[in-house]
Amino acid sequence: MNLDLNREFEIIFNKKSDNTYFSPGRINLIGEHTDYNGGHVFPCALSFGTYGLISKRNDNLMRVYSMNFKDFGIIEFNLDNMINEKIHNWANYPKGVIKTLKNHNYRINFGLDVLFYENIPN
């Protein structure tokens, strides 16, 4: 699949993204679950991973969209209401990260539009 994620972001959010990020997947060739027990591991980054395109907002609204879960469309939530809601399905994961950051006193005082895409199996 050949995707132009910048173009997809423009179509979905009707504006250009500010930044693009990539987080590589990883595998452990040896030593699964031994690293935190003092054992030997050999982790390797992969060329497969998760892409995130973002654009800053001027309000407290988060709008997230996953190219891997298109049927859910854009999921919206307010930074002041960071509770797990069944209807938000996959978006509860980024909500949990944001809530954890806020619980550790990180100031998050603006919303984002975010497009996610993974080229690894769900």
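F116 is partly exposed, with a relative accessible area of 23% (buried is under 20%, exposed over 50%, partly exposed in between; 1.4 Å probe, protein chains only). The model is predicted: local features need pLDDT of at least 70, side-chain atom pairs count only at pLDDT 80 or more, and totals for chains, interfaces and linings use all residues. Residues are numbered from 1 along each chain as its sequence is written, and side-chain values use heavy atoms, without hydrogens or water.

F116 sits in strand 5. Leaving aside residues up to four places away in sequence, F116 touches T50, Y51, V64, Y65, S66, M67, N68, W90 and P94 (contact means heavy atoms within 4.5 Å). M67 lies 49 residues from F116 along the chain, yet their C-alpha atoms are separated by 6.2 Å.

F116 also belongs to the lining of the largest pocket. A pocket here is an open set of points on a 1 Å grid over the protein atoms alone, where a 1.4 Å probe fits, with protein on both sides within 12 Å along at least five of seven lines; lining residues have an atom within 4 Å of a point. The volume is about 570 Å³, taken as the space filled by probe spheres set on the points, which are joined across faces, edges and corners. The lining counts 21 residues, and T50, W90, Y93, P94 and F116 lie nearest the centre. By class, 14 are nonpolar, six polar and one charged (Ala, Val, Leu, Ile, Met, Phe, Trp, Tyr, Cys and Pro are nonpolar; Asp, Glu, Lys and Arg charged; the others, Gly among them, polar). Helix 2 gives the largest share of this lining, five residues.

Helix 2 covers residues 92-103 (helices are DSSP runs of H or I, at least four residues; strands are runs of E, at least two; both are numbered from the N terminus). Its 12 residues should span 16 Å at 1.5 Å a residue, and the end C-alpha atoms are 16 Å apart, which agrees; the expected span is 1.5 Å times one less than the number of residues. N92, P94, K95 and I98 are the buried residues of helix 2. They cover an arc of only 160° around the axis, and so lie on the same side of the helix; the arc is that of the directions from the helix axis to the C-beta atoms. Their cover includes strand 3, strand 4 and strand 5. Y93, V97 and N103 are exposed on the other side. Just after helix 2, N105 takes a positive phi of about 65°.
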